[in-house]
Amino acid sequence: MAGDLPEYYFRVRENGAFVFRVDTENRQRRIEMEQIATVNIRKSEIKPQGERALTDADTAAITEWMEERLKLVEYRDIDDILRAVDYLNTTTHWVQSKATDDQLEQVTDSLLLAMHDLRSVLVRKKADRLLKGE
């Protein structure tokens, strides 16, 4: 197992990760992880842990992880929105075919306000994009 482990481990957190160097080359043959940096992907920051100086290899591995993580987060954002579209379609079918009057009373105002808010923002953003294209 130890031979299959990566050199770095990234403990993901909301806006980045804690970066650990993985060490299996010790006398006890145990896995040791030493924190070497903290990463903030929103600010593109890499902060070495304590007084540590990161090597070029450390920085390259962290930068590569940050690029891949940003791509993954962007993909997940779009996937979440597309799932929301599917969920809206499912909700429409539920309203049309299954919902009782009491159930509709519970959700109608919230749904209408959320949809109005979304529509307003989408129309404004579309208009902005069209104006930029002129």
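Which residue forms a salt bridge with E14? Select R42, whose closest nitrogen and oxygen atoms to E14 are 3.5 Å apart; a salt bridge here is a side-chain nitrogen of Lys or Arg within 4 Å of a carboxyl oxygen of Asp or Glu. R42 lies in the loop between β3 (32–40) and β4 (45–48), whereas E14 lies in the loop between β1 (8–13) and β2 (16–23), so the pair ties together parts that are 28 residues apart in sequence. Both R42 and E14 are exposed, where exposed stands for over 50% relative accessible area, buried for under 20%, and partly exposed for what lies in between, with a 1.4 Å probe and protein chains only.

Before moving on, keep in mind that this is a predicted model, in which local features need pLDDT of at least 70 and side-chain atom pairs count only at pLDDT 80 or more, while totals for chains, interfaces and linings use all residues. Residues are numbered from 1 along each chain as its sequence is written, and side-chain values use heavy atoms, with hydrogens and water left out.

**The whole chain**

Zoom out and colour by secondary structure: the protein has two helices and four strands, and from the N terminus on these run β-β-β-β-α-α. Helices (H or I, at least four residues) and strands (E, at least two) are DSSP runs, numbered from the N terminus. The C-alpha atoms fill a box of roughly 70 × 45 × 25 Å along the principal axes. The radius of gyration is 24 Å, whereas a compact globule of 134 residues would have one near 14 Å; this radius is taken over C-alpha atoms, and the globule rule is 2.2 Å times the number of residues to the power 0.38. Of the 134 residues, 18% count as buried.

**Around the β3–β4 loop**

Return to the loop between β3 and β4 and select S44, which is found there. The phi angle of S44 is near 55°, a positive value in a residue other than glycine, and S44 is exposed, with a relative accessible area of 56%. Next, select E45 and K47, whose side chains meet in a salt bridge at 3.9 Å from N to O. E45 is partly exposed at 29% relative accessible area, and K47 is likewise partly exposed, at 49%.

**Helix α1**

Move to helix α1 (residues 56–97) and show R83 and D79, which both lie in this helix, four residues apart, about one turn. The two form a salt bridge with their closest N and O atoms 2.8 Å apart. R83 counts as exposed at 54% relative accessibility, while D79 is partly exposed at 23%. In total, the structure holds six salt bridges.

**Two surface patches**

Show the surface and select L88, L112, M115, L118 and L122, which make a nonpolar patch of about 450 Å². Patches are made of residues with over 30% relative accessible area and no salt bridge, with like charges joined within 9 Å and nonpolar side chains (Val, Leu, Ile, Met, Phe, Trp, Tyr) within 5 Å. Helix α2 gives the largest share of the nonpolar patch, four residues; M115 is found in α2 and is partly exposed, with a relative accessible area of 40%.

Finish with D101, D102, E105 and D109, which gather in a patch of negative charge on the surface. D102 lies in helix α2 (residues 101–133) and, at 60% relative accessibility, counts as exposed.

Definitions and conventions:
Accessible areas come from the Shrake-Rupley method with a 1.4 Å probe; for residues, only the protein chains shown count as cover. Lys and Arg count as positive and Asp and Glu as negative; His and the chain ends are not counted. The place of a charge is taken as NZ of Lys, CZ of Arg, CG of Asp or CD of Glu.
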